[in-house]
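Student: Before we look, could you take me through a model with care, giving the cut-offs behind each term as we meet them?

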Amino acid sequence: MNAKSAISKEIFAPHDERMLGAVQVKRRTKKKIPFLATGGQGEYLTYICLSVTNKKPAQASITKVKQFEGSTSFVRRTQWMLEQLRQVNGIDPNQDSPEFDLLFENAFDQWVANTASEKCTFFQILHHTCQRYLTDKKPEFINCQSKIMGGNSILHSAADSVTSAVQKASQALNERGERLGRTEEKTEELKNSAQQFAETAHKLAMKHKC
């Protein structure tokens, strides 16, 4: 089981939450913590996770999760409701970059993702989640590449693929319906012609009989 699957199972599933995405990060500015809840100093891995409750109405949140050195378990640290997110800064809109900033109502963090690709995927999911679960006070996305906001987004591509498949299926059904309709019309015409022929033949037979 990879780290993200383990986080989903250990941190979010017990609270009836579903993890939508996560990105492993490091602070751009090193922040020393003199004392940790685990009992002392130590190295750790940090993940920024996006989740939503299974209970309706669904509520989305962003959670900072840590895994301390020598431990196989994960610890939930800070959590913000999605509506507390004010700004998402992609740093550079012109090229792939692993750096990004998150501005909340009461916090500001500067991060570096493991890879630019991992950051991009997380941003796409985050942007989609904001559009879906926030009716107002949506965060501002600045300095982000166009593929994050739309266009080449994996989420938009998936939606486009589904839409295209539905349209093709609908067109095929319509064409099939038209063919069936034409066949039924032709059958009805043949049936009428046969009936008329039978009536004419009967009249001729009765005439010659007389």
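Student: Is Tyr47 buried or exposed?

Tutor: This is a predicted model, in which local features need pLDDT of at least 70 and side-chain atom pairs count only at pLDDT 80 or more, while totals for chains, interfaces and linings use all residues. Residues are numbered from 1 along each chain as its sequence is written, and side-chain values use heavy atoms, with hydrogens and water left out. Buried means under 20% relative accessible area, exposed over 50% and partly exposed in between, with a 1.4 Å probe and protein chains only. Because its relative accessible area is 4%, Tyr47 is buried.

Student: Which residues does Tyr47 touch, not counting those up to four places away in sequence?

Tutor: Tyr47 has its place in strand β2, residues 44-53, where strands are DSSP runs of E of at least two residues and helices are runs of H or I of at least four, numbered from the N terminus. Its C-alpha atom is separated by 5.8 Å from that of Lys64, 17 residues apart along the chain. With contact meaning heavy atoms within 4.5 Å, the residues that Tyr47 touches are Ala3, Ile7, Val23, Gln24, Thr63, Lys64, Val65 and Phe74.

Student: What pattern does the protein chain follow along the sequence?

Tutor: The secondary structure of the protein chain comes to 4 helices and 8 strands. Read along the sequence, these elements give the pattern α-β-β-β-β-β-β-β-α-β-α-α.

Student: Which residue in β8 is the bridge partner of Asn89?

Tutor: Two strands pair if DSSP finds at least two bridges between them. Strand β5 (residues 85-89) runs antiparallel to β6 (residues 99-104), with 4 bridges joining them, and Leu85 stands opposite Phe104 in β6. Strand β5 is also joined by 3 bridges to β8 (residues 140-142), and these two run parallel. In β8, the partner of Asn89 is Ile142.
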